[in-house]
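Please look at the sequence and the model shown below, and keep both at hand while reading.

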Amino acid sequence: MTPRPGFALGDALVPAGTRRTVDLPVSVLSDHTPVTMSAHVIHGRRPGPVVFVTAGIHGDEVIGVEIVRRLLSLPALSALAGTLIAIPIVNAFGFLNLSRYLPDRRDLNRCFPGSAGGSMAGRLADLLTREVVARADLGIDLHSAAVHRTNLPQIRVAPGDDELLRLAAVFAAPVVLPSALREGSLRQTAREMGVDMLLYEAGEGLRFDETAVRAGVAGILRVLHDRGMIGGRGVPRARRAPLVCRASRWLRAPQGGLLRSYRSEGDVVERGDLLAVVSDPFGEVEAEIRAPEHGIILGRAVLPVVNEGNAVFHLATIAPEAQAGERIGAWNAGLEAERLFDEDEIL
């Protein structure tokens with residue numbers, strides 16, 4: 001039997017049946033410190049798809065970094081078919097500075113496909129596009145909410161794509177949200193290159209959220225199993241089909257002041273339900289925020305200090321007959337039934 005060819009990434013060649021961390025040069029800082037984008041490649045003995053998992057495109061979104069770390073430690077990957085490219089930190093500049101952006105103040109996820117002779121963000125986007133996306137059949141990009149906000153675990157997909165909706169159901173986060181492709185985003189570039197891509201949103205910037213991390217790891221394993229890359233042993237089974245939400249909106253603070261929230265992400269609310277109250281520091285003027293319709297809270301602000309117009313609750317519209325509360329309850333029960341990680345595995 002002819003051995004499977006090695007997998008080339010950058011200047012490295014990863015033989016079949018092995019795994020290796022490959023450092024792709026990005027830049028040199030002003031003090032002569034080299035910066036790389038490090039990718040861990042697991043190249044299976046048996047043929048199969050090439051899948052990439054990326055995290056840290058925004059440097060303050062650390063949940064994805066932890067998801068990749070846990071994923072790479074799992075025994076299920078030892079008999080992988082195909083090739084997995086896992087990049088826990090795409091934007092090393094932002095990660096080191098605890099910042100969403102690069103030093104040139106650009107949002108990397110608005111700079112794809114990038115340019116080899118462009119800005120710092122453009123060069124990094126170009127490197128990821130050429131070396132990783134161009135070699136892949138499928139991508140999973142891991143994100144969290146911005147600092148001072150948190151998201152219910154959810155998958156976002158390009159609208160009108162039945163195969164992506166199917167893969168989102170396989171991932172089995174509690175909510176799937178068809179979301180338009182943004183100019184300059186990794187998702188848009190992948191689509192133009194013919195690469196399917198799921199975007200996972202969960203938790204808060206600069207914070208670990210155990211539920212969000214475990215949901216992300218479980219979802220990736222389900223997708224790898226669906227693609228025939230790993231066996232079924234150790235892959236958590238989904239308890240309920242995800243809730244597909246076709247529309248959502250942000251509810252904003254009607255005045256500045258102190259925010260007291262009474263509902264959280266994942267809560268199913270009815271029209272008129274009290275979600276929060278904003279008060280001035282003296283308690284003399286209060287303004288209520290009520291649900292304008294039946295829906296589920298996808299995300300919310302966690303900082304209790306708000307200005308007028310600040311986004312406070314991300315509410316998705318759902319049909320009353322969708323049994324959303326039952327689905328979310330079953331999803332939470334499923335996660336609780338899985339193995340808990342020790343504290344030293346989280347810190």
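Arg166 forms a salt bridge with Asp226, and the closest N and O atoms of the pair are 2.9 Å apart; a salt bridge here is a side-chain nitrogen of Lys or Arg within 4 Å of a carboxyl oxygen of Asp or Glu. Because Arg166 lies in helix H4 and Asp226 in helix H6, the pair ties together parts that are 60 residues apart in sequence. Helices (H or I, at least four residues) and strands (E, at least two) are DSSP runs, numbered from the N terminus. Arg166 counts as partly exposed at 35% relative accessibility, and Asp226 is partly exposed with a relative accessible area of 31%; buried means under 20% relative accessible area, exposed over 50%, and partly exposed in between, with a 1.4 Å probe and protein chains only.

The model is predicted, so that local features need pLDDT of at least 70 and side-chain atom pairs count only at pLDDT 80 or more, while totals for chains, interfaces and linings use all residues. Residues are numbered from 1 along each chain as its sequence is written, and side-chain values use heavy atoms, with hydrogens and water left out.

The two helices joined by that pair can be described further. Two packed helices are described by the angle between their axes and the distance between the axes. The axes of H4 (residues 162–171) and H6 (residues 210–226) come within 7 Å and cross at roughly 125°, where axes are lines fitted to C-alpha atoms, for helices over the stretch in contact, and angles run from 0 to 180 degrees between N-to-C directions. H4 and H6 are therefore oblique to each other, since angles under 35 degrees count as roughly parallel, over 145 as roughly antiparallel, 65 to 115 as roughly perpendicular and the rest as oblique. On the H4 side the contact (heavy atoms within 4.5 Å) is made by Arg166, Leu167, Val170 and Phe171, and on the H6 side by Ala215, Gly216, Gly219, Ile220, Arg222, Val223 and Asp226.

H6 also meets helix H1, as the axes of H1 and H6 come within 9 Å and cross at roughly 50°, and these two helices are therefore oblique to each other. In this contact Ile63, Glu66, Ile67, Arg70 and Leu71 of H1 meet Glu210, Ala212, Val213, Arg214, Gly216, Val217, Ile220 and Leu221 of H6.

Elsewhere, the side chains of Arg249 and Glu293 meet in a salt bridge of 3.3 Å, N to O. Arg249 lies in strand S12 (residues 248–252) and Glu293 in the loop between strand S16 (286–290) and strand S17 (295–301), so the pair ties together parts that are 44 residues apart in sequence. Arg249 is partly exposed, with a relative accessible area of 38%. Salt bridges that share partners join Glu66, Arg69, Arg70 and Glu210 into one network, and the structure holds 18 salt bridges.

Finally, Thr150 is found in strand S8 (residues 149–157) and counts as buried at 5% relative accessibility. Neighbours within four places in sequence aside, Thr150 is in contact with Ala145, Gly203, Glu204, Glu265, Leu298, Gly299, Arg300 and Val302.
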